[in-house]
Amino acid sequence: MTMNQNLKTALLGSVMMAAGTFASAETIEIAIGHQSMCTDTYTAGIVIKELGLLEQYLPTDGDYADVEYEVTWADYSSGGPITNQMLANKLNFGVMGDYPLIVNGAKFQETESLRTLYVAGTGYNLKGSGNAIVVPVESDMYSITDLVGAEVSTPVGSAAWGMLLKAMQDNGIPTEDYVLKNQSPAVGAANIAAGKIDAHSDFCPWSEIMEYRGTGRKIYDGSETGVPYLHGVVVRQDFAEEYPEVVEAFIKAVWQAGEWIREDPMEAVTLMEGWTGVEKEVLYLYFSEGGHLTLEPSIKDEWIDALAFNHGVLTNERAIPPLDFDAWITEDYIRAAYEDLGVDYEADKASIVDPVAANEGLPMEIWHARDGISSYETLPDFLTAMAEMQATGALLNSTYVYDSETGLKLFGKTAFWVKAGEEYATFLRLGEAEAFAEANGGAVISFDEAISDFVIEG
Amino acid sequence: MAVLTTLWQDFQASWRRMVFFGLVFALLFQIFMMIALIVRFQNFPNYVTFYDWFGSAIHIVKSTPSLRDVGPIIWEEWLIEIGYMNYDYGSGISEWSLNVVPSRLFVLFILGACVSLCLTLLKRDVCGAGASNTMRATTGLGALMVAMTNATMSWVVCCATPSWVVGLAMLGLGVSTSLALETMGPLLTYGGFGLLAVTILFLAWQKTRAQALSNMRFANA
């Protein structure tokens, strides 16, 4: 062996050793785009991030035995920028609402070489709660039909915009009969507080934030459109094909996040308030039993129909590319994840929670600042407890009742109360409350008046 | 051919001025958008984020299989984001932002350079004041068409995808008008540059003709 050959052998050996070291210490970068101001994305975003759930499920054996993971999270105010970052391959996963999801799939399919896959949901509301139309609290508008001739703002391109268009159509209000303004949630909420706009339509949890802060009042809930409101997870197809087990791990983490919230909603929303800055009392309206959000990631046929409907709205109003749903939506990863978890996917997929039926008979709740949440089977029991607590000067975070019409969970202070004889009922809207009162010989009263019926003098 | 020669001579004589005007135009347009946002929303920017544009561009080239897809993706990459973060809600939500996008800066630079060339040719224009005013108006219209389709103002409203028309909507353009205009972005850009190109060629042709006439008079004298 000549000296030259020796040198070549040594060099080759060094290169191979270096290559071997690189291969054995491969780092998989997992970048996730989420939205901490959008409640319905939390189980695929902030909860997984803060509890480190993804790390718990990431594969560590077989091909992944020597792999290191670098998980990064990026918080966005809306879904659009997440799609752009996914296109640039700076994000592998994106978590967003139904309208941005559709745009995500369509924009990727518009390219020659890139695709995303819709691999899981995060949660849903069967009828569309989460979107709502709000008016200033002092407004004399109580019904969507009052919006004829009014100025209504909404984030155009969002699910709330789609809901608004459908709600107006359903109620026979043509577009020329109201002035539609494009407005961001924060500006819309500020305008509602200042009474600068007649009404504002927005997505979760903006309407409830306005209600909780006492600046706005719902006159229309998204559930009246009957179109499911859902959020989900998309992943770049090239990433999913290279690391399918990582995608499955992410879906397991989504499922686990839902379980964690269900286990103790009060504790969960208290922590989430710290992570996101959104008031825990507002979050409880979404994440508690009977709340607006059903946490369950399966992909149901009804969801695909809803997404197709939303795509139709977007196609009519904006020039968005076509979307091949069959190529975009896949259940392969979620089925594999459920199988690993030992959870029955078909059972989850077949189960659909309808708030009207599911919330029937659920107890009313009072959130005491010190003692936590207590439940009451009947409205008189609830009102008695309220009277007692108020008598002691107790600090109450919030109270929760249900709309008799839709089963929707409401803040006690924003509900319309009806007293008919010794019976009480609560409603989201004044119209239904008045109709109920008239039919039952009762009257619409305020929350304070209802409580005062149970105050024991002396 | 004579027209192109005239254009080339003018370009050679004033290219420094064109580059300077192009850079100033691109910069002034960013300042204009910022002032418009401050006036519209009544608050000053309170955050700024810098992005590694070159790193992102390299990453996109490396990770995008089709060369055809690379351009449009890099086209949307940001260099700087300046905006107003509203901390009244959650841990803060960006109420509005101005995005400095290199691809748009480049378009605005070209636009500024074209306008500069038009103005140079107009200065030497030999036709009457009425015709000059028409040319100035055409130049202005072309510039406006290109500039407005390269506005890079944005807000959370862009749940779908940020587009040029969002900037106009932020400044008060109605929803139906903005939605109707949205698809016309490329058409307006090409139309604007087309107008500028026609104006430049027309002015160069006039100048060439005037020079030829002058030469003829000189020869006949």
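**Reading the features**

Modeller: The model is predicted, and the count of disulfides over all chains comes to zero.

Colleague: Next, sheets. What holds the strands together, in general?

Modeller: Strands of a sheet pair through backbone hydrogen bonds, and the pairing is either parallel or antiparallel. In chain A, one open sheet has three strands in the order 17-16-18, with antiparallel pairing.

Colleague: Which strands of that sheet stand at the edges?

Modeller: Strand 17 (423-427) and strand 18 (443-445) of chain A do; each has a single partner strand, so one side of each lacks a neighbour in the sheet. From one strand to the next, the twist averages 35°.

Colleague: How many bridges join strand 16 of chain A to strand 17 of chain A?

Modeller: Five bridges join them, strand 16 being residues 416-420, and the two run antiparallel. W417(A) stands opposite T426(A) of strand 17 of chain A. Helix 18 (residues 379-391) of chain A packs on this sheet and touches strand 16 and strand 17, with its direction at about 85° to that of strand 17 of chain A.

Colleague: What is the strand order in the sheet of five strands in chain A?

Modeller: The order is 7-6-8-5-9; this sheet is open and its pairing is mixed. At the edges stand strand 7 (179-182) and strand 9 (216-221) of chain A, each with a single partner strand, so one side of each has no neighbour in the sheet. Neighbouring strands are turned by 30° against each other on average, direction ignored.

Colleague: In which sense do strand 6 and strand 7 of chain A pair?

Modeller: Strand 6 (residues 151-154) and strand 7 of chain A pair in the parallel sense, over four bridges. There V152(A) stands opposite L180(A). Helix 6 (residues 159-170) of chain A packs on the sheet, touching strands that include strand 6 and strand 7, and its direction makes about 145° with that of strand 6 of chain A. Helix 7 (residues 185-194) of chain A lies across strand 5, strand 8 and strand 9, at about 150° to strand 8 of chain A.

Colleague: Now two helices. At what angle do the axes of helix 10 and helix 11 of chain A cross?

Modeller: The axes of helix 10 (residues 244-263) and helix 11 (residues 265-276) of chain A cross at roughly 115° and come within 5 Å. Residues meeting there include W260(A) and I261(A) from helix 10 of chain A, and L271(A) and W275(A) from helix 11 of chain A. The contact residues divide into seven nonpolar, no polar and two charged.

Colleague: Last, which residues of helix 7 of chain B are buried?

Modeller: In that helix (residues 175-182), V175(B), S178(B), L179(B) and E182(B) are buried. Seen down the axis of helix 7 of chain B, these buried residues fall within an arc of 100°, so they line one face of the helix.

Key. Residues numbered from 1 in each chain as written. Chains lettered and ligands numbered in written order. Predicted model: local features only at pLDDT ≥ 70, side-chain atom pairs only at ≥ 80, totals over all residues. Heavy atoms only, no water. Pairing = 2+ DSSP bridges. Axes fitted to C-alpha atoms, helices over the stretch in contact; angles between N-to-C directions. Contact = heavy atoms within 4.5 Å. Disulfide = S-S within 2.5 Å. Buried < 20%, exposed > 50% of the residue type's maximum accessible area, 1.4 Å probe, protein only. Arc of directions from axis to C-beta. Nonpolar A, V, L, I, M, F, W, Y, C, P; charged D, E, K, R; others polar.
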